[in-house]
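Keep the model in view while reading.

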Amino acid sequence: MKRSFFAALAAGAFLALPAFQAAAQTDADQLKDLKPVKYVFLFIGDGMSLPQRMMAEEFSRSTTGKGLTINAMPVQGYSKTSSASNFITDSAASGTAIACGEKTNNGRIGMDTEGKKNLESVAEVAKKNGRAVGILTSITINHATPASFYAHNVSRDNYYDIGLDLVKSGFEYFGGGGLQGNRNGDNDIYKIAEKAGYTVAYKDEVPKVDLKKADKLFVRGHNGQLPYAIDKPADEWGLAEYTQQCIDFLMLKNKPFFVMVEGGNIDHHGHSNDAGSSLRETMEMDRAVSVIMDFAKKHPNDTLLVVTGDHETGGLTLGFANTQYESSIYLLGNQKCSSDEFKNKVNQLADKILGPRRMGPPAGRNNDNQNNQASAEEKTIKFDDIKPLITENFGLIFDNQGGSNENNGAVQANLRSADRNARRKLNLVLTKSEQDRIEEAFNRQFPNGKRAGFGGGDAVANTVVAIFDNKSSVGWTSGAHTALPVDTSSYGVNANVFGGMYENSDIAKRLKAIISVPVK
Ligand SMILES: [Zn+2]
């Protein structure tokens, strides 16, 4: 009995083998017929999976009539994102897999699971093969994803050492956000970079850099990351402008190149469950991809463009229990600023009403009775005070706002109206229970009209954004990453090898093979 069980098991395993070999064979065949390609671009949307892409697509279609460039690319594949240590990866392990072609543990940058062996990235292979290299991101340049292309460290948190690896890489262009975890004096990595031959430019200097005079460029747009796409002033440089600068610079080198561009803040807004900011970040990366599509049209026989994500963040779903089959993603267009910026606005309003914040616990917190009497004359913030701020930044409408029936009347009129915009506005009217939830959050953040201190946190902003997203038919299930596979899209020379479903580490394997084909 036992024997036959094992025999069956062995037979099963044996039967499974040819299929596996066949798949591996196809892969080898594909990689055998690779064509030389001069210009190779890899885009990584941090925290961007299918829901993020479809949310931005639907928003873009319903507001501008046009979908995303990345969703219209001719070859679409899927990559699985799990790391060596976790079914749910972090950005270090997924960055390393996409950059180096090997699965490692969460937290590692360009190193194996043991943290003993350095893994070679596609950018390093590119440099070895005589290519110029550019690395860009909208977040800090020594953060996990970009770091995976030039650094080797047991931990993604060793920002300073990762920054030193950046200089050592000798890659021609670094752009977008600046360094985090830098040090002063002689240990300042920007100074070390200058000594190593980099032209370092900061913020306003960036657009004025004389590309012809620079050997290598390190353009740190801001000290930390670029402004969020939703908060960015229109005239300020975004990922697309840096991408254009990078290719203008690398073209002057007269050699083939490899460029990695990260849309880093899709992940951030996924962690904070902020759909309106997330989709604008995806659209901002799509704008940078369009720069490369224009470039590819000028160099059709010499360009490969691959767009992927490193994992999904937030457990985003495009549908919500209360909204059922009604999709209202266009409502996210009413959001005027990121949830981070809205937190600032709430606190600034409180400062205006209550006076500036002092360090330490709020006065009288330990003696409520006495304080209530003593503070009868003191200033307090009321729920009504913040309602206009919520309406202004999210378009959410409070019934009976300001104590009049004015809005109520408007709501009734809109109900009867056949006008689409009026009905759309109606969707933004807060229900009684939604208003109660926001008021409850307000009371947590400002008990008795005073600041709660740290304990109340940013309850108002978090609750408003959660309600706003749900009303827009969007749901979130997590404040962390999830294990969804991501789309990998490609265009141009050898794009066909990125079709199908495969591991994220296969992206690096394929890119390394492509980059290793000599270009005349
Ligand atoms: Zn993340």
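In α17, the buried residues are A459, V460, A461, T463, V464, V465, A466, I467, F468, D469 and K471. Buried means that 20 or more other C-beta atoms lie within 10 Å of the residue's own; exposed means 12 or fewer, partly exposed is in between, and C-beta atoms are placed from the backbone. Helices (H or I, at least four residues) and strands (E, at least two) are DSSP runs, numbered from the N terminus.

This is a predicted model: local features need pLDDT of at least 70, side-chain atom pairs count only at pLDDT 80 or more, and totals for chains, interfaces and linings use all residues. Residues are numbered from 1 along each chain as its sequence is written.

α17 is mostly covered, with 11 of its 13 residues buried. Those buried residues pack against α10 (275–298), α11 (339–354), α13 and α16. Here a contact is a pair of residues whose C-beta atoms, placed from the backbone, lie within 7 Å. S473 follows α17 and has a positive phi, near 65°.

How is α16 buried? Its buried residues are E434, I438, A441, F442 and Q445. They cover an arc of only 105° around the axis, which puts them on the same side of α16. The arc is that of the directions from the helix axis to the C-beta atoms. The face turned away from the buried side of α16 carries the exposed residues K432, S433, D436 and E440. Cover for the buried residues of α16 includes α13 (383–394) and α17 (459–471).

Both helices can be checked for length.

Now the wider chain. The protein chain has 18 helices and 12 strands. Of its 520 residues, 45% count as buried.

The largest nonpolar core has 94 residues, of which V40, F41, V122, A123, I135 and F258 touch the most other members. The largest share of this core, 8 residues, comes from α10. Apart from it lies another core of 22 residues, including I386, I390, L430 and F468. A nonpolar core is a set of buried Ala, Val, Leu, Ile, Met, Phe, Trp, Tyr and Cys residues joined through C-beta atoms within 7 Å.

Conventions. Two residues are in contact if their C-beta atoms, placed from the backbone, lie within 7 Å.
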